[in-house]
Amino acid sequence: MGDYELGAIQTEFAELIWEREPVSSGELVKLCSEQFEWKKSTTYTVLRKLCEKGIMKNEDGVVTSIVSREAFYAAKSGQFVEETFQGSLPAFIAAFASGKKLSKKEMDEIQQMIDDFREKADD
């Protein structure tokens with residue numbers, strides 16, 4: 001897993017790219033000026049940092065993701081469970097569900113995920 005530690009602004013910037021990719025760097029500068037009130041240099045600085053982290057790439061003025069939104073958030077979630085719950089998914093689920101009543105639909109969805117994982121493990 002790469003270095004996916006992003007601040008709130010870098011994450012918003014990445015979201016902007018994921019929503020519009022492929023996006024020209026010129027268009028990205030314009031969008032960031034409108035959305036964040038950034039100067040061109042700020043946009044390129046933040047973009048460079050995401051490229052250095054291996055999340056985005058800028059080739060010939062076209063910005064695209066190397067890591068998809070889904071893969072990014074899956075990695076972040078895994079990192080959170082690892083750091084906060086010593087990697088124990090059951091401990092995470094217990095903490096998440098404590099003090100909150102899960103609906104039958106939510107319980108069914110969780111059970112379906114468990115069943116799917118069990119089938120894959122048996123293959």
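**Salt bridges and beyond**

Modeller: A search of the whole structure finds 5 salt bridges. The term means a side-chain nitrogen of Lys or Arg within 4 Å of a carboxyl oxygen of Asp or Glu. This is a predicted model, so local features need pLDDT of at least 70 and side-chain atom pairs count only at pLDDT 80 or more, while totals for chains, interfaces and linings use all residues. Residues are numbered from 1 along each chain as its sequence is written, and side-chain values use heavy atoms, with hydrogens and water left out.

Start with E15 and R69. Their side chains meet in a salt bridge, 2.7 Å from N to O. E15 lies in helix α1 (residues 8–20) and R69 in helix α4 (residues 69–85), so the pair ties together parts that are 54 residues apart in sequence. Helices (H or I, at least four residues) and strands (E, at least two) are DSSP runs, numbered from the N terminus. E15 is buried, at 19% relative accessibility. R69 is partly exposed, at 27%. Here buried means under 20% relative accessible area, exposed means over 50%, and partly exposed is in between, with a 1.4 Å probe and protein chains only.

E19 and R20 make another of the salt bridges, at 3.2 Å from N to O. E19 is exposed at 53%, and R20 is partly exposed at 35%.

E52 and R48 also pair, at 3.4 Å from N to O. Both sit in helix α3 (residues 40–52), 4 residues apart, and about one helical turn separates them. E52 is exposed at 59%. R48 is partly exposed at 44%.

D116, E119, D122 and D123 form a negative surface patch. Patch residues have over 30% relative accessible area and no salt bridge; like charges are joined within 9 Å, and nonpolar side chains (Val, Leu, Ile, Met, Phe, Trp, Tyr) within 5 Å. Asp and Glu count as negative, Lys and Arg as positive; His and the chain ends are not counted. Each charge is placed at NZ of Lys, CZ of Arg, CG of Asp or CD of Glu. The areas come from the Shrake-Rupley method with a 1.4 Å probe; for residues, only the protein chains shown count as cover. D123 falls in the segment after α6 (104–122). D123 is exposed, at 81%.

Now the cysteines. The disulfide count comes to 0. A disulfide is a pair of cysteine sulfur atoms within 2.5 Å. The sulfur of C32 is 13 Å from the closest cysteine sulfur, in C51, which is too far for a bond. C32 is buried at 0% relative accessibility, whereas C51 is partly exposed at 26%.

Back to helix α1, where T11 is found. T11 is buried at 17%. Its C-alpha is 9.5 Å from that of L50, 39 residues apart along the chain.

Last, the backbone. Most residues other than glycine have a negative phi, and most peptide bonds are trans. The bond from E21 to P22 is cis, with omega near -5°. P22 lies in the loop between α1 and β1 (23–24). E37 has a positive phi, near 60°. E37 is in the loop between α2 (25–36) and α3, and is exposed at 72%. D60 has a positive phi too, near 55°. D60 lies in the loop between β2 (56–59) and β3 (62–65), and is exposed at 83%.
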